[in-house]
Amino acid sequence: MSTPAVAFVAVYHETNTFSSRPTSGDAFAARWYRGEQLTDAFTGTRTVGGGFLDGAEAAGLVIHPIFGAFATPSGIVTREAFDAILTEIDHGLSAGRFDGVLLELHGDLAVAGVVDPEEEIVALIRSRQPGVPVALVLDLHTNMAVPRFTDVEILVGYRTNPHIDTWACGHRAALLLGETIAGRLVPEREHAGLPVIAPPSAQLTSSEPLRALFALADELEQDPRLVDVSIHAGYAFGDSRATGMGFSATAHAGARDVARRAVAHLLALANRTVDAFSGEFPSAKDAVAQAVHATGRVAIADTGDNINGGSPGDTTWLAHEALRYPDTAFLLTLADSDAVEAARSAGVGARIALSVGGAAAPSSGGALTGDAEVLAVSDGVFHNEGPMATGARVDMRGAAVIRMHNLTVLLQSAATQPNDSAMFRSLGIDPAEFPVIFLKGAAALRADWSDRVDRIIDAGTPGETDQVLSRLTYRHATRTPEAPELVDHQDVTPAPAMFPSAARLGQRLVVVWSDTPDGWPGGRALAAWSDDDGRSWSTPVVVATPADGEDSVVSALSLTVRPDGTAVRFVYNGVSWPTTEAADRVLSVWVVESADGEHWSAPTRLPAPYAFPAVYGEMVPVDGGEIMPIWGRRTQDEHWRSGVLFASDTGQWEERGTIGWAAVAALDDEYVGGGSTARAADTSAQIAEASFRPHDVTGGFNEASVQRDRDGRLRAIVRQQGVAGASDALALFTSTSEDDGRTWTPPRELGFAGTSPCLRLLPDGRLLMAYRRTVNDLVTSAAVEVRIGTADAAAWSAPLALPTGTESPLPYEYQVGYPVIVASEVPGEHLVVHYSFSPGAGRVLRLARIRVPESR
């Protein structure tokens, strides 16, 4: 059997779409490799290409170098340059037949007039080498909020930032390609995406939140059915439909479900920690002041001029601030080819008048001017000595060192990020002699510099890689909505009170609640009202008591204003306990109504087509009548299902459709064991316990909140417990219906866990949702959280956790929950009513007033 032959192709450019400087073919000229030039450039280096070469040798593959093009990150690539790249690849791949392809891409190449140029590269490879497997290595900063590279068998992403594992990634990809060619691996891939846009300084893999995500990826990868789990952290300065994070998992044939669960687990964790993908960055003025007055050597990361993010390398914001401190010596770099030429022409030791930097873009900050002494000149070539891309040749295309005022400036003809301190030493400069060093970059700097300075300050400098992302204008990316803001909060009713429903009847706010949980015996429904937007409340009145032969009443989120606005209707369950077991409860459905919240009608029993019909959620008008969410068991021996009932204008209720049903559900033993599955002899004492959580061992989809979106669809947010295949036993799902609830799309995960959701539609089409946060390994206290979502429920803000009313953590799930949202009389504000636990008193109703930020 002949040795497998594999092609080696590489096109690497991180395109900054916010840069005003287009990238032409000239930018690739210094690293435009044909054939053997490609292997010559990477043999013996700790790079992806070096990993390809060494991994291929270990796997028994013969590498055939085709073509490689590399350029420093910069603006959008011209179509002419991209066409030249495609021509080179086409020519090289047309020369013969290969058994596989090793491909290196950055993941953020942008070309004028091309939707996804890297997908075009993959398509070209497929057309010239049909049917052969492709192994692709991507930079950590690949944007992958939507599926990409679906026609690639093997996908491996960097796992470190700074990127010190590039060789390992190339090596792994080559080994996996060898396994695929040999037929020992038939890969299947799954993807999940999250359009969260993070500044580079928030993407260090040694810090949260990426540290926890990669720890989870490592844990998931221990499953022998998975061969790779990659996290794509995204690139804030590439504006495209794919901008944001992504998760990829590759599994052996037949284990696609394992890969799907793996990416869902990562997505869920990312959603729980989404608020950590942000940061506060001091201004240039404040950063320099902090550095000057600090103890020890300090480096300031000039993040707004992050050359490896595509900026020009010539911004002067920090340098101008440094002039305020003439007694402090500063070391920095600036890209200015004219200044390099002037210094080289004058020679070492000369003094010349120079105007340096601050010219490439309006955000560059203005030139530095003055007399300068030329300290050194060189051709600008050096080799990396630090842990990142060790041994790689770096070419600044000419360099010089000048001293101007209190600044020692390394001038570059080609902007080159100072990730490796060997850059300064190559021109005879010892960075250890300077108390403050300005480094153009963000995360990658830390690979070499963390051990050379006592502190690194990330400055929020303006520029084409501005880490203050609110200063950038995105035109194509799906932006993660901003989180709601807390205005104030207060108690509403004393204990015992839980499971609220609320609605606005004219200017009056009406709230109805239960005084026992889950229909535990003795429960009633009570109501109170407020005429001042929830600031003060009436004395409670009784709304409903158990009917003859029943033991309790219960409901949640089921108060609905009549379409004509004349009254509110409250739908609730009557509960009978033929035994002490919660699973044996028998439910009936009733409705009462009121024109003022104070006086309530006699109850009317409604027919229910379910054997166990649990009420949850408001009625929604539809053509010919209205629908009402309901959950429970259609037959006594099935798992829970979530569905909707329909009532025609004549008032006859019937089953309309199922939102979600899981034929098989599996609940965690610990979760089951922590719940109360039976009533105690003293039910009052039982339900007053802080740890009390009623539980029915049945699992499946259950409580759903339904609203009609701006496109006319019905959208449901659905709770579930233990649905098989879910990333979390309490993950929230969503589903939509375009036929007024008759049929629903298969429920899909939102990416985070919770229970008892309440959904509202904002005037601009965004979604507002509140739910009970679950207690898990990252969260030690139960709470109600509120998020804002995009209209399609694909992206959600960081959560706003509402105050519980106590300073002490509430460690038990059932101490807080069941929120309901009502619009405030104040424009842009909403009221969230929920129950919480007051130590020494029990469960009480609380109200939080929140403000919704305008859409960005």
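## A first look at the sheets, rings and cavities

Four strands line up as E21-E22-E23-E24 in an open sheet with antiparallel pairing; two strands count as paired if DSSP finds at least two bridges between them. The edge strands here are E21 (498–505) and E24 (541–544), and each pairs on one side only. What you see is a predicted model, in which local features need pLDDT of at least 70 and side-chain atom pairs count only at pLDDT 80 or more, while totals for chains, interfaces and linings use all residues. Residues are numbered from 1 along each chain as its sequence is written, and side-chain values use heavy atoms, with hydrogens and water left out.

**Two open sheets**

- A word on names: helices (H or I, at least four residues) and strands (E, at least two) are DSSP runs, numbered from the N terminus.
- Strands of a sheet pair through backbone hydrogen bonds, either parallel or antiparallel.
- In the sheet E21-E22-E23-E24, neighbouring strands are turned by 30° against each other on average, direction ignored. Axes are lines fitted to C-alpha atoms, for helices over the stretch in contact, and angles run from 0 to 180 degrees between N-to-C directions.
- Strand E22 (residues 508–514) pairs with strand E23 (residues 525–530) in the antiparallel sense over six bridges. Valine 512 stands opposite alanine 527 in E23.
- Another open sheet of four strands has the order E20-E45-E44-E43, again with antiparallel pairing. Its edge strands are E20 and E43 (817–823), each pairing on one side only, and the twist averages 25° from one strand to the next.
- E20 and strand E45 (residues 842–851) pair in the antiparallel sense over seven bridges. Look for histidine 489, whose bridge partner in E45 is alanine 848.

**Aromatic rings and charges**

- The structure holds 25 aromatic pairs. Rings of Phe, Tyr and Trp (its six-membered ring) pair if their centres lie within 6.5 Å; planes under 30 degrees apart count as stacked, over 60 as edge-to-face and the rest as tilted.
- Tryptophan 520 and tryptophan 577 form an edge-to-face pair, 5.0 Å centre to centre with 75° between the planes.
- This pair links distant parts of the chain, 57 residues apart: tryptophan 520 sits in the loop between E22 and E23, and tryptophan 577 in the loop between E27 (568–576) and E28 (586–594).
- Tryptophan 520 is buried, with a relative accessible area of 0%, and tryptophan 577 is buried at 7%. Buried means under 20% relative accessible area, exposed over 50%, partly exposed in between (1.4 Å probe, protein chains only).
- Both tryptophans belong to one aromatic cluster made of Phe499, Trp520, Trp577, Tyr616, Phe692, Tyr814, Tyr818 and Tyr835.
- Arginine 633 lies over the face of phenylalanine 612, at 4.7 Å from the ring centre, and arginine 787 lies over the face of phenylalanine 752, at 3.9 Å from the ring centre. A charge sits over a ring if NZ of Lys or CZ of Arg is within 6 Å of the ring centre and within 35 degrees of the ring normal.

**Cavities**

- There are two cavities of 30 Å³ or more. On a 1 Å grid over the protein atoms alone, a cavity is a set of points where a 1.4 Å probe fits but cannot get out, and lining residues have an atom within 4 Å of a point.
- The largest cavity has a volume of about 400 Å³, where volume is the space filled by probe spheres set on the grid points, which are joined across faces, edges and corners.
- Its lining has 29 residues, of which Asp518, Trp631, Glu703, Tyr814 and Tyr818 lie nearest the centre of the cavity.
- E27, E30 (612–615), E35 (700–708) and E36 (714–721) each supply at least two residues of this lining. The largest share, three residues, comes from E30.

**Backbone details worth a look**

- The peptide bond from asparagine 161 to proline 162 is cis, with omega near 10°. Proline 162 lies in the loop between E6 (154–157) and H5 (166–181).
- Alanine 495 and proline 496 are also joined by a cis peptide bond, with omega about -5°. Proline 496 lies in the loop between E20 (485–493) and E21.
- Phenylalanine 149 has a positive phi of about 55° although it is not a glycine. Phenylalanine 149 is found in the loop between E5 (134–138) and E6, and is buried with a relative accessible area of 0%.
- Phenylalanine 499 has a positive phi too, near 55°. Phenylalanine 499 lies in strand E21 and is buried, with a relative accessible area of 4%.

Notes
1 Å grid on protein atoms, 1.4 Å probe; cavity = no way out; pocket = protein on both sides within 12 Å on 5 of 7 lines; lining within 4 Å.
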